[in-house]
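Please look at the sequence and the model first, then read on.

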Amino acid sequence: MQLLDGKITSDQIKEELKNKVEAIKAKGGKIPHLAAVLVGDSGAAVTYVNAKVKACELVGFKSTLVKLPDTISEADLLSKVAELNADKDIDGYIVQLPLPKHIDEHKVTEAISPDKDVDGFHPTSLGRMVLNLPTYLPATPYGIMQLLERNGIETAGKHCVVMGRSHIVGSPMSILMARNTNPGNATVTIVHSRTKNLKELTLQADILIVAIGKPEFVTADMVKEGAVVVDVGIHRIDDASKKSGFRLLGDVKFDEVAPKTSYISPVPGGVGPMTIASLLMNTLQAAALK
Ligand code: NAP
């Protein structure tokens, strides 16, 4: 078994981006600028946004954190989005999800200008992805594609089973793996909560990508010997023995599944850091297109 180490791979990407930013600076060009909108101050969202801002600083990007109260109205948030669309200095921005229940996430996502949509969630970005046209790929699936490519995982002709069909992970992941690209060209099966013969299908996977949001759901008996397993899940589990008071678990029961695999991504240190690296790659692309 080998680790698909997202920390190492994302560090390589960040180093490449840092060099590119230095080259832009040396030519007197515009430094890429990412903004992140954080509504409210719930634990996980704050951690994700802070990590994104920190990563921007590390590679030399400019970053702006827009903090808004969770009582903000949908109309006021949409005004903020319009402001960011019009801001010529900002190359790309994200609105961290989830949003408070009184705000329609789809409305907000659709209000983001597609040329600044570095999270890749806008219908235009997703449509262009399906058509294999240049676009911003959704950050987590893009990160997984990079993780596979940069670790030399062959995907063509393989049976890839994607567990989960969310708009931000499972569905775009299944499309990317089936596209006529490298990585890609896999035969893809997508499974979800209504799938009846789940284990029968996961046992056929040469590549199993798990994004269901259920801690340690995937056990060794569900995985084929030698499979490549990518674990997208992140769960904070209370743990008094840790300084932080919690530990992180994935959707895969790592200790028992890992020995059966050829490659497996850990949690933490797998897909999470790759998502941030993809966001940075999309931001550089947005800046280059200006
Ligand atoms: P989501 O929107 O909750 O979607 C979960 C998907 O899993 C749904 O399609 C659901 O099916 C399916 N599902 C649920 N229970 C199932 C079961 N027992 N068997 C088969 N399928 C099942 O989740 P998400 O946003 O895609 O996120 C998934 C996980 O990834 C979460 O733990 C999240 O925190 C994590 N995540 C990590 C990153 C990262 O950067 N590492 C980024 C995004 C998300 P239905 O459609 O039928 O309900």
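Helices (H or I, at least four residues) and strands (E, at least two) are DSSP runs, numbered from the N terminus. L77, for instance, sits in helix α3. The model is predicted, so local features need pLDDT of at least 70, side-chain atom pairs count only at pLDDT 80 or more, and totals for chains, interfaces and linings use all residues. Residues are numbered from 1 along each chain as its sequence is written, and side-chain values use heavy atoms, with hydrogens and water left out.

**Helix α3**

Helix α3 covers residues 74-86 and holds E83. L77 has a relative accessible area of 1%, so it is buried. E83 is partly exposed because its relative accessibility is 49%. The side chain of E83 makes a polar contact of 2.7 Å with that of K80. A polar contact is a pair of N or O atoms within 3.5 Å; within protein, one must be able to donate a hydrogen and the other to accept it, and residues adjacent in sequence count only if both atoms are side-chain atoms.

**Domains and cores**

The protein is divided into domain 1 (27-113) and domain 2 (139-272). These bounds come from an automatic or database domain assignment. The C-alpha centres of the two domains lie 27 Å apart.

In soluble globular proteins, nonpolar side chains tend to be buried together. A nonpolar core is a set of buried Ala, Val, Leu, Ile, Met, Phe, Trp, Tyr and Cys residues joined through side-chain atoms within 4.5 Å. Which residues touch the most other members of the largest nonpolar core? They are L4, I144, L148, M177 and I209, out of 48 residues in that core. Helix α10 (residues 271-288) gives the most to this core, with nine residues. Domain 1 and domain 2 both give residues to the core, so it lies between them. A second, separate core has 17 residues, including V161, L198, A205 and V252.

**The ligand**

There are 21 residues around the ligand, and R165, S166, S193, V232 and T275 come nearest. A residue counts as near if one of its heavy atoms lies within 4 Å of the molecule.

| Residue | Side-chain atom | Ligand atom | Distance |
|---|---|---|---|
| R165 | N or O | oxygen | 2.7 Å |
| S193 | polar | oxygen | 2.5 Å |
| K214 | polar | nitrogen | 3.5 Å |

On its own, the ligand has 920 Å² of accessible area, and the protein covers 72% of this. Accessible areas come from the Shrake-Rupley method with a 1.4 Å probe; for residues, only the protein chains shown count as cover.

Helix α10 gives the most to the shell around the ligand, with three residues. By class, the shell has nine nonpolar, 10 polar and two charged residues. Here Ala, Val, Leu, Ile, Met, Phe, Trp, Tyr, Cys and Pro count as nonpolar, Asp, Glu, Lys and Arg as charged, and the others, Gly among them, as polar.

**Backbone features in loops**

Start with the loop between α7 (170-178) and β6 (187-191), where P183 lies. A cis peptide bond joins N182 and P183, with omega about -5°. N185 is in the loop between α7 and β6. Its phi is near 55°, a positive value in a residue other than glycine. N185 is partly exposed because its relative accessible area is 33%.

The peptide bond from V267 to P268 is cis as well, with omega near 0°. P268 is in the loop between β11 (263-264) and α10. Is P268 buried or exposed? Its relative accessibility is 53%, so P268 counts as exposed. P268 and V66 are 202 residues apart along the chain, and their C-alpha atoms are separated by 27 Å.

N132 is not a glycine, yet its phi is positive, at about 60°. This residue is in the loop between α5 (123-130) and α6 (139-150). With 39% relative accessibility, N132 counts as partly exposed.

Conventions. Buried < 20%, exposed > 50% of the residue type's maximum accessible area, 1.4 Å probe, protein only.
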